[in-house]
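Hello,

Here is the structure you asked for. Please open it first, then read my notes below.

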Amino acid sequence: METSNPHPLSSASGYYASLLQTSLKAKDLYTGRSIHAHILKAGLHVSVYLLNNIVNFYAKCGLISDAHLMLDEMPIKNNFSWNTLLSGYAKEGRMEAATRLFERIPQPDSVSWTAMIVGYAQMGCFGSAIKTFTDMIFYRISPTQYTITSILASCAAIEALEIGRKVHSFIVKLGFSSFVPVANSLLNMYAKSGDMVKARIVFDRMRVRSISSWNAMISLHMQSGRPDLACAVFEEMEEHDIVSWNSMISGYNQHGFDVEALDTFSKMLKFAFKPDRFTLAAVLSACANVENMKLGKQVHAYMMRTNFGTFGAAENALVSMYSRFGGVGSAQKIVEKSGISNVNMIAFTALLDGYVKLGNLRPARQIFDSLKERDVVAWTAMIVGYVQNGLNDDAVALFRLMLREGPKPNSYTLAAMLSVSSGFASLDHGRQIHAVAIRSGAVPSVSVGNALITMYSKAGSIDNARRVFNLVCWYRDTVSWTSMIIALAQHGLGEAAIELFEKMLTFGINPDHITYVGVLCACTHVGLVEKGWNYYNMMQNIHKIEPTPSHYASMIDLLGRAGLLQEAQDFIKNMPIEPDVIAWGSLLASCKVHKNAELAKIAAERLLLIEPDNGGAFSALANAYSACGRWEEAAKIRKSMKDKGVKKDQGFSWLQIRSEVHVFGVEDALHPQRDAIFAMMAKIWVEIKKMGFVPETAAVLHDLDEEVKEQILRYHSEKLAIAFGLMNTPENTTLRIMKNLRVCNDCHTAIKFISKLVGREIIVRDATRFHHFKNGTCSCRDYW
């Protein structure tokens, strides 16, 4: 990069210059300073040639301040003087100082400009490098080959294809096309920018091709997802280097052709090529993907036998491989041996995933806390680990710490936290995460959008779910549309869900098996039996989706809720797979609603054969007998439950007020406001009876007096939750109640009257769906 230096003015200058060069090669600072002192004593400090050598010595030995001082003291300077110091600053990455020096150069030449371009590129400031190059062309300074290769590397780094094409025109104009380094840089630029056609043209026009040229084409084809073309280029090469082999092995591995990657590795060894850390990292990754633990251990043994060392990419691949096979102990030993700071985020995530699968997050958290630099991937991996293991409180605490001390959360972090909010069904918490997403600019992200749709839906805010969907629906992502269809179905808006599904098909968005679960659910909630059958057949005949247990259960539920119990039973008999607990449970629930005790008995018996301790089956059968007035048989079932120690699920309801969750059971006597709640409910009871409400005592499935039944109904958990909510929230605000079981007929009717009485919307989420009560009506239209 340096221009030619003037010839020595004397033999003494040449002698001292030679000594300085020798000292520079040896990095001998003491001798170099001594030579500098001798030059001063000999009165040779007026020689520009000799002084340039001194500046060069100090700059290349890292004594940039001494070099700068020497330059300032020079009475006469030429471009070599300036460029030597400029290159020193650029190589050290001190671009501010380099810029100040550049501005002092009377007439910067191509070497000066190139030094700035190279400096910016080395610092990763590729945009600044390109800007400097455009300024260079503006001032009509002709670029050198080195300038061209440097600027092409910057264009490749940021995929600045248009700038790269303009540089290509300069190459043609300057006649640099025949120079192999320039052609290779041009080829690399087109390859990394994704212009496969232009890259191939450059490659075909090259008169002389180096191994680097061929390797660039291999990388291009691998990046384009064409391992077959990469293989053809590889086979055409007369000779290969380690980069050629690594490009093939890692390329195969990255595109899922792991068997081919291992075959190529075997061939590489036959040709006596010694693998490097990149080779071994790709091979270990391939071993993990094809579950070839034996070969993976052999590679590990080779690394130990050859003193290869487990560090960098190879170490991380080993950690990932052992973690994926459940060998977290071996992975942990590698981490402890090489130092925890050397673990990259991919390996850490794999190790974390290994601990997650074992349900043991304490060691993972220790690793996380020990990492010196925790990027967003590490934070997200730890948070997701907590979420997947149901440790939502820990996930929330870590997320709050991340907001205070860590990096800005990405879309994956936010999606994980929104799933926590969905689990809590906490609208306030979900809104806070939504606000973080807006501030971070992640709302347009499909993953965050989908998580927001689910969160708002599960929190009972279907309108907000729709607003988010309207922002992301244009991505035409199947998951987004499916999430919205399911949300509408769960909120009793079956017609709207079906309309959205039809719109999805019109836009050419392919539904998946989950989409069809949502569509069948929508048909179930509004009783559209014929449409349900049509979609069930369409799923198989048009979209070629084989039914899963979820689809079978949805069809049984659709038929059963519509009262078509015999059809539901026939459907079960004709299923190509053995009915599971959910299938028999769906039929059993419908038998209770439609008071078919005989079929309920068959369904319960089949269910109990699969799960003998299923309390829900015993309870549902007892309730079916009770609904039919067969009290003795119901009593026998309940006694059998008691004798066998089988417990039924206890019903409870909850709501959140000012970040605090309040839980209620039937006739809850533990709440600190118990007396006020009971008094409020008694008052409401009187008022809604005046409005025409008649308690549905048949909902109490025990042989008791009517008065006792009415008292039991009055203090059902959802009614107590509503009374508490009315006492502790502002007027005209929406109440959001969650219940773990299906809401009973009496509560459903009572809440309709209560919504009219208090003039509020009351949203109740039970075990299967949402009910929006407003002004005396429910969104389910009394079909649930």
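Val 663 counts as partly exposed, because its relative accessibility is 46% and that class runs between the limits of 20% and 50%. Keep in mind that this is a predicted model.

Where does Val 663 lie? Look in strand β2, residues 660-665. Val 663 also belongs to a nonpolar patch on the surface.

Now turn to Val 694. This residue sits in a loop. The loop runs between α39 (674-690) and α40 (706-714). Is Val 694 buried or exposed? Val 694 counts as exposed, because its relative accessibility is 64% and exposed means over 50%. Next, find Asp 66. Val 694 and Asp 66 are 628 residues apart in sequence. In space, their C-alpha atoms are 98 Å apart.

Last, the second largest pocket. It holds about 720 Å³ of space. How many residues line the second largest pocket? The count is 27. Nearest its centre lie Ser 426, Asp 428, Gln 656, Ile 657 and Ser 659. By type, the lining has 12 nonpolar, nine polar and six charged residues.

Four elements each supply at least two residues of this lining: α24 (392-405), α26 (427-440), β1 (652-657) and β3 (735-739). Which one gives the most? That is α26, with five residues.

Best wishes

How values were computed:
Residues are numbered from 1 along each chain as its sequence is written. This is a predicted model: local features need pLDDT of at least 70, side-chain atom pairs count only at pLDDT 80 or more; totals for chains, interfaces and linings use all residues. Side-chain values use heavy atoms; hydrogens and water are left out. Patches are made of residues with over 30% relative accessible area and no salt bridge: like charges are joined within 9 Å, nonpolar side chains (Val, Leu, Ile, Met, Phe, Trp, Tyr) within 5 Å. Accessible areas come from the Shrake-Rupley method with a 1.4 Å probe; for residues, only the protein chains shown count as cover. A salt bridge is a side-chain nitrogen of Lys or Arg within 4 Å of a carboxyl oxygen of Asp or Glu. Buried means under 20% relative accessible area, exposed over 50%, partly exposed in between (1.4 Å probe, protein chains only). On a 1 Å grid over the protein atoms alone, a cavity is a set of points where a 1.4 Å probe fits but cannot get out, and a pocket is an open set with protein on both sides within 12 Å along at least five of seven lines; lining residues have an atom within 4 Å of a point. Grid points are joined across faces, edges and corners, and a volume is the space filled by probe spheres set on the points. Ala, Val, Leu, Ile, Met, Phe, Trp, Tyr, Cys and Pro count as nonpolar, Asp, Glu, Lys and Arg as charged, and the others, Gly among them, as polar.
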